[in-house]
Structure formats: structure tokens, C-alpha cells
Amino acid sequence: MLAVVSDNINLDQDSNWASVVNMTDYYPFGLAMDGRTEQDSSYRYGFNAQEKVDEIKGPGNHYTAEFWEYDPKVVHRWNLDPRPNPSSSSYAILQGSPIWYSDHLGDTIKIAGTGGFINYSPGMKHEGENDFASSTINTLNEIFEKDGGETVLSRLSNSNNVYSILDEGGGAGTASFGFQKGENGGGKIKAGSILGLENLSRVEKLGHELFHGYQFERGQDPYTINSEVGANLFGQSLVAGFGGMAPGQDPVATTKYHDASIELLLSTEFDIKQYQQAVSNFKMGSSKNLPNNKYPNGPYSQFPIVNLKKPIISEFFPLLKD
Ligand SMILES: [Zn+2]
């Protein structure tokens with residue numbers, strides 16, 4: 001049962017109340033169950049906050065939003081998806097999974113552009129003059145070409161949470177990119193230094209931050225050493241490269257961290273022992289945690305190591321396809 005409470009708050013002496021304008025039990029995809037609906041005639045919306053168009057096929061049998069028209073009985077959209085996803089039909093609704101996904105407008109990765117945000121859809125062309133937006137869109141399109149990249153971008157762009165990519169510096173000391181989780185879901189990816197990078201580094205670094213968004217979206221805290229190791233592996237898998245693995249603070253830990261990372265990148269199955277070796281040697285073994293002015297012990301020195309049996313990165317094995 002979904003109930004919608006209006007934001008018209010009535011005030012009356014010492015009490016106040018809000019009216020319930022709609023109570024509906026829905027079948028999956030939003031067809032209302034017969035006899036299980038109460039509706040105030042002033043309320044125009046139904047399932048998934050979609051606007052109902054009752055004139056077309058009768059009450060509750062047609063929905064509209066900015067990017068689609070659809071019939072909740074047939075579960076097909078009228079129009080072709082403006083952001084088609086090669087892994088599902090261009091007529092599909094919510095990737096065929098109304099419990100997993102919700103989609104108010106159909107676009108939830110936003111890229112800062114000149115004078116506002118651009119909604120990203122995989123494969124889109126950007127003709128604007130804003131170099132940051134063009135370069136970010138091109139990089140996202142390259143990431144979407146990879147199996148893992150497609151999984152991550154599809155999930156984030158079908159999420160009800162908003163992920164925005166900003167032309168700002170990242171937060172973690174030497175790191176010029178960063179992910180900042182939102183208080184109520186979603187988050188900000190700071191990618192302001194993308195223009196100063198070569199193409200492969202753009203893919204690796206933006207892919208790394210997107211993976212933090214994906215971790216957060218899936219309920220794994222992105223602010224842990226485990227998530228940092230996972231995002232590093234994911235970024236490296238996109239470019240099939242081990243660049244950026246410069247020495248950390250301690251030579252023994254550096255060797256252990258690098259060996260475990262390379263082993264994980266090359267192996268066909270997730271190996272928890274190698275993963276734990278990478279995690280436990282990251283702080284002293286990764287150049288990403290070298291001390292700087294702001295963080296004398298390294299930018300990740302405050303991050304905890306947690307015990308994860310099935311970290312999200314384990315679902316992406318083998319990391320290098322073919
Ligand atoms: Zn990171």
C-alpha cells in the first residue's frame with residue numbers, strides 16, 4: 001500500500017493535520033488494484049509519482065512523465081526510451097524490475113554545465129561549448145562501453161537518487177577527484193581536474209568515483225579502506241592498467257598491496273585472501289595514502305578497515321574480460 005500525504009498542512013488552533021489524498025494498492029508497475037483505492041479528485045498522480053492520464057484508457061490505466069508514456073497493464077512505454085540501455089528493450093519500463101528501480105523523470109546522473117545541469121543518458125552527444133561537460137560526457141560514454149561500466153552507470157542513472165558530477169576539486173588531500181555521499185542518498189562526484197588528464201586517466205578516475213557512488217547506492221559505505229580498494233580495482237579494470245601504483249610509505253606493504261591488486265585484476269574469480277591482503281596493506285602500501293600537508297598520515301588514514309565477506313567488487317569478476 002502506498003499512501004500519499006499532501007503538503008497542504010491545515011492549521012486549526014492547537015492541532016494541525018495533513019490530508020491523505022491517495023491510498024492505493026498497486027500491482028507491480030502501477031496498475032491499481034480494483035476496490036483498493038481511495039482518491040481525492042484533486043490529486044493527479046499515481047504509482048512512482050507518475051502523472052495519470054485517465055482520459056486515454058480510463059482511470060489509472062495510463063501514466064505520463066517527462067520522458068515516457070506508458071500503460072501499466074501492458075508494461076510497455078509508448079515512446080522509445082530516449083536513453084536506451086543495450087541490455088534491455090527500448091520499450092522496457094524500470095528495467096523490468098519495479099521493486100528494484102524507480103524513476104521519476106528517467107534521468108538521474110547530472111553533469112554541471114554552463115548555466116545548469118545536463119541530464120546524462122548513455123551514448124548521448126553533447127554539442128555545447130562547455131569543455132568540462134563535453135569531456136565528462138565523452139568519458140562516461142567510454143565507461144558505458146565496458147561491461148562493468150554499463151552495470152554501474154545503468155544502476156546510477158536508473159536510481160531515484162541524484163548523482164551529480166561537478167566541476168570542482170575533490171576533497172581527499174592529494175586526490176583531485178572525490179565522491180561525497182548525500183545525506184539522503186545520491187551524491188556528488190567532484191571531477192574538476194578531468195580536463196588536465198589523458199584519456200585513460202579520465203576513464204580510470206571517473207570510473208573510480210562512479211564506483212563509490214555504486215557502492216553507496218548498494219549499501220556499502222564508500223568511506224572505508226575496503227571501498228577504496230574496490231574502487232581502485234574497478235577503475236584499473238576499466239583501463240586494464242596498473243598505472244598509478246607508485247610506492248607507498250613502506251616497501252614491504254607496497255609489495256604486498258601491489259601483488260594482491262595485480263593478482264585480483266588478473267584472476268577469473270574473486271579471491272577473498274588476496275582482497276584482504278590488499279585491504280590490510282593499503283594504508284602503508286598505496287601511493288594514494290602518501291602523507292601531504294593536509295593529511296600528515298595520508299588522506300585515507302582515518303578510514304576504517306571493515307570485515308566484508310562479499311564486497312561489491314566481488315560481483316565484477318573477472319575484472320578483465322578477455
Ligand atoms: Zn576513492
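Mentor: A first term: helices (H or I, at least four residues) and strands (E, at least two) are DSSP runs, numbered from the N terminus. This is a predicted model, so local features need pLDDT of at least 70 and side-chain atom pairs count only at pLDDT 80 or more, while totals for chains, interfaces and linings use all residues. Residues are numbered from 1 along each chain as its sequence is written.

Trainee: How many helices and strands does the protein chain have?

Mentor: You'll find seven helices and twelve strands.

Trainee: In what order do the five strands of the open sheet come?

Mentor: Strands pair if DSSP finds at least two bridges between them. Here the order is E9-E8-E10-E12-E11, with mixed pairing. E9 and E11 (178-181) are at the edges with a single partner strand each, so one side of each has no neighbour in the sheet. On average, neighbouring strands are turned by 25° against each other, direction ignored.

Trainee: What joins E8 to E9?

Mentor: Four bridges do, between E8 (residues 109-113) and E9 (residues 116-119), which run antiparallel. Look at isoleucine 111: its bridge partner in E9 is isoleucine 118. The hairpin has two residues between the strands, and glycine 115 takes a positive phi near 70°.

Trainee: Which strands does H2 lie across?

Mentor: Angles run from 0 to 180 degrees between N-to-C directions, and axes are lines fitted to C-alpha atoms, for helices over the stretch in contact. Contact means C-beta atoms, placed from the backbone, within 7 Å. H2 lies across E8, E9 and E10 (163-166), at about 150° to E8.

Trainee: At what angle do H2 and H4 pack?

Mentor: H2 (residues 131-144) and H4 (residues 199-217) pack at about 80°, with axes 10 Å apart. That makes H2 roughly perpendicular to H4 (65 to 115 degrees; under 35 is roughly parallel, over 145 roughly antiparallel, the rest oblique). Ser135, Thr139, Glu142 and Ile143 of H2 make the contact with Arg202, Val203, Leu206, Gly207 and Leu210 of H4.

Trainee: And at what angle do H6 and H7 pack?

Mentor: For H6 (residues 251-266) and H7 (residues 272-285) the angle is about 140°, and their axes are 8 Å apart. That makes H6 oblique to H7. Residues in this contact include Tyr257 of H6 and Phe282 of H7.

Note on methods: Two residues are in contact if their C-beta atoms, placed from the backbone, lie within 7 Å.
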